[in-house]
Amino acid sequence: MKTEKKTYPLREIPLLSELSDNSLEDLNRKIKYIRFKKGDVVILAGDESNSLIFLLEGELNVVDTNEEGEFYWLATIKSGIHFGELGLIIGQKRSATVIAVQESVVGFLPRNDALDLILNQPTVAWKLMHRMANIIEKTNAQLAIVNLSNARDRVEALLSERAETYANGMVVIENLPSQQNLAKMANTSRETVSRIISKLIKEGILEKDYRRLIVRQPDKLKGLS
């Protein structure tokens, strides 16, 4: 990784899109931009939450580790997204590790400057509140999955939650966690997860495509709705 000296078009970041030109220029002076190579660790679980973070270029994966120390995927961060605000506001350490999927430029706004931004810019505060509400909603959905009584329903809900619809209408599950990690999320055994996925493939609901799953019959893959 290396520090970038140039400034970036911060207005393209939705969180900052309504700020004045002067405010954006001021932020550009305060943000530290770092270019990460593919595979570099951007933040590590357990690190101090000392900055609000922006992804300016590239793509990042949020990951956790199992007992063997292996990473498994939790979420993907696309260019233009901010993250790290929850730990920053409540003083909590980083809860997950973030790794660069490709060469990426990440901006770090120091904690005091980030808190000043939140306190003095109502549009930023409102957007952060909205995002946190979405995080709470997602957490509740994950709890709802765990509380489903049937293992197949839990596995299908987890798969459905990770499915993305492409512009061509294809529904795909990328970056699928290992069956062992899916089993932990679904509160079941790895063998049960393997059996359920195999059955979904046999029924024509899913199709295995290298390291991803194509959802051929989205209406038959049970979610929480």
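## Exercises on helix packing and sheet order

In helix α6, Gln179, Gln180, Leu182 and Ala183 meet Arg190, Val193, Ser194 and Ile197 of α7, where contact means heavy atoms within 4.5 Å. The model is predicted, with local features needing pLDDT of at least 70, side-chain atom pairs counting only at pLDDT 80 or more, and totals for chains, interfaces and linings using all residues. Residues are numbered from 1 along each chain as its sequence is written, and side-chain values use heavy atoms, without hydrogens and water.

**Exercise 1.** Determine how α6 and α7 are oriented to each other.

*Solution.*
1. Helices (H or I, at least four residues) and strands (E, at least two) are DSSP runs, numbered from the N terminus.
2. Axes are lines fitted to C-alpha atoms, for helices over the stretch in contact, with angles from 0 to 180 degrees between N-to-C directions.
3. The axes of α6 (residues 179-186) and α7 (residues 190-202) come within 8 Å and cross at roughly 100 degrees.
4. Angles of 65 to 115 degrees count as roughly perpendicular; α6 and α7 are therefore roughly perpendicular to each other.

**Exercise 2.** Locate β4 in its sheet and state its pairings.

*Solution.*
1. Two strands pair if DSSP finds at least two bridges between them.
2. The open sheet of five strands has the order β1-β2-β9-β4-β7, with antiparallel pairing.
3. Six bridges join β4 to β9 (residues 104-110), with Ser51 opposite Pro110.
4. Two bridges join β4 to β7 (residues 82-83); Phe54 stands opposite His82, and Ile53 opposite Phe83.
5. In β4 (residues 51-57), six of the seven residues are buried, meaning under 20% relative accessible area (1.4 Å probe, protein chains only).

Technical notes
Buried < 20%, exposed > 50% of the residue type's maximum accessible area, 1.4 Å probe, protein only. Parallel < 35°, antiparallel > 145°, perpendicular 65-115°, else oblique.
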